[in-house]
Number of protein chains: 2
Amino acid sequence: MKLIESVPNFSEGRREEIVRQIIEEASKYPKVKVLDWSMDKDHNRSVVTLVGEPEQVLNALFDMTKKAAELIDLRYHKGEHPRMGATDVIPLVPLIGTTMQECVEWSKQLGKRIGEELGIPVYLYERSATRPERENLSEIRKGEFEGFFEKIKDPKWKPDFGPDRVHETAGVTAVGAREFLIAFNVNLGTNNIEIADKIAKAVRHISGGYRYVKAMGVELKEKGIVQVSMNLTNYKKSPIFRVFETIKREAARYGVPVVGSEIIGMVPLQAIVDTFAWYLQIDDFGTNRVIEERLLNELTKEE
Amino acid sequence: MKLIESVPNFSEGRREEIVRQIIEEASKYPKVKVLDWSMDKDHNRSVVTLVGEPEQVLNALFDMTKKAAELIDLRYHKGEHPRMGATDVIPLVPLIGTTMQECVEWSKQLGKRIGEELGIPVYLYERSATRPERENLSEIRKGEFEGFFEKIKDPKWKPDFGPDRVHETAGVTAVGAREFLIAFNVNLGTNNIEIADKIAKAVRHISGGYRYVKAMGVELKEKGIVQVSMNLTNYKKSPIFRVFETIKREAARYGVPVVGSEIIGMVPLQAIVDTFAWYLQIDDFGTNRVIEERLLNELTKEE
């Protein structure tokens, strides 16, 4: 079984009929499953989770990008979330039986098609990046749609694929391979935002913490508590249980308890099994010991 | 998706060609998957794990029982594990989209067929038991094959199905519905078996512990340590994480660390997800948040 995931972001989060038409493009492919999608009105942005056989996922993503370029006009787009394209970003994630290197290759194939056939400039990011300054998506996106008409003239920001000018209505798009991302938030039994900020600093990479953790303190005003809000960008190397235990210990330093956590979206079985085995101190335990995983393997073997 | 599991035990653990012929019977059914099987020479016994669509699983189990009766002659069977039948015991376990009550019904259908068509006396056990003294399999099996020729004459031990006399070569068989069983062992950093025994007593139902825990102390002579060896007979009601944390606390009382654990065989996703969510203090997390589970649902939906 060869499976990749993609979580394309589209710059439309208010008109549901538009989002549905974009998603509809994926349903033409029998080996692509739309596992989840959500719209955010404030951000004016939608996020779709696709999983499937790599070739069909690439075709579905191309068709969705084409449809988004037809239906979304960025000149009239307003929202809180920074954006530069109708299809803003397309990450490819190795899931089962596929490697990061393969996803890098596929991101280049997809980027080339979008650039050449749709006339939309494409930037390769994260693991697919062709220059260090393009690894970080927020660096690419700086200036957003409006600023890109100038930015693209800088030779440093020549697109990896497609024309050297911004698409008038669909902007520019980032495509790249990355690891699975887990959005993990830990709630603290205090309303003191300084403590959440200090703990976020302690665990995040940029200020000396775990290499694959991005974190910030957030106030949950309705609940009257604060939260350490995180993206775990490589759960295999900076695992969820280690980050969680470090946060508990740091919070205890301030006499603050951890009152709960939340995970946004879906999680790969491997991350759950690793956590299970770590807490129960089991040395030889893998996903092949999970009944449902074995069934999935049996079912996909037959195809 | 409707799925049940069965883990039939056969009284042959030395001649692999015999065990393979029995397992072969299951492969005639496309919606039955043999997830695992193992032979034990000392016990002279084999254990097969089947998962599948209920009707086909029942047919497969009948055919396997028939084949075992043809190939195994209990008059010549010696092994460390107590046994009373060529097919010794057939548990039916509700897995996905099926209930305990359905499994009880199915165990009766299967028992009736084995009794009437194969002439093998059948005892319903566990949740299918027709009398309290038949709930516990070891009560039924007392006296074993050799003793059953007398035992069966006692009206108290009249079989639920089949003739009132032991099958000359295939003995008698127990069939019943039960919850999924997790074999879970916790290793202690000591060679003092008394401590393992005391902790086993503290957590097991029979001596006042958790309702769905069977436990005993075991010496691991090669490793020079002791172990609390358990069967968790209902992981939903006496969950693995609670039992594990209690053992850690009890061990600490003796100044002994837990040095590791092991799980024998397979585990349902629900048990792993429950443990994950408990340790990470997540309130609303279910198996539907696991990518592989969603894929499995998508794939089986189409059939």
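Trainee: How many bridges join strand E8 of chain B to E11(B)?
Mentor: There are 6 bridges between E8 (residues 182-188) of chain B and E11(B), and the two run antiparallel. Strands here are DSSP runs of at least two residues and helices (H or I) of at least four, numbered from the N terminus; two strands pair if DSSP finds at least two bridges between them. This is a predicted model, where local features need pLDDT of at least 70 and side-chain atom pairs count only at pLDDT 80 or more, while totals for chains, interfaces and linings use all residues. Residues are numbered from 1 along each chain as its sequence is written, chains are lettered from A and ligands numbered from 1 in the order written, and side-chain values use heavy atoms, leaving out hydrogens and water.

Trainee: Which residue stands opposite Asn185(B)?
Mentor: That's Glu262(B), in E11(B).

Trainee: And what's the strand order in that sheet?
Mentor: E9-E10-E8-E11 in chain B, an open sheet of 4 strands with antiparallel pairing. E9 (213-220) and E11 of chain B are the edge strands, each pairing on one side only.

Trainee: OK, new topic. How much area is buried between chain B and chain A?
Mentor: About 4,300 Å², with carbon and sulfur atoms giving 69% of that. Buried area is the accessible area (1.4 Å probe) that two parts lose on being put together, summed over both.

Trainee: Which element gives the largest share of chain B's side?
Mentor: H9(B), with 9 residues. That side of chain B divides into 30 nonpolar, 7 polar and 13 charged residues. Nonpolar covers Ala, Val, Leu, Ile, Met, Phe, Trp, Tyr, Cys and Pro, charged covers Asp, Glu, Lys and Arg, and the others, Gly among them, are polar.

Trainee: How many salt bridges between chain B and chain A, then?
Mentor: The count is 0. A salt bridge here is a side-chain nitrogen of Lys or Arg within 4 Å of a carboxyl oxygen of Asp or Glu. Over all chains, the structure holds 37. One of them joins Arg113(A) and Glu117(A), at 3.1 Å from N to O.

Trainee: Why are those two about one helical turn apart?
Mentor: Because Arg113(A) and Glu117(A) are 4 residues apart in helix H3 (residues 100-118) of chain A.

Trainee: Last one: what do E3(A) and E4(A) form?
Mentor: A hairpin, with 4 residues between the strands; Asn44(A) in the turn has a positive phi of about 50°. E3 (residues 32-40) and E4 (residues 45-52) of chain A pair in the antiparallel sense over 8 bridges.
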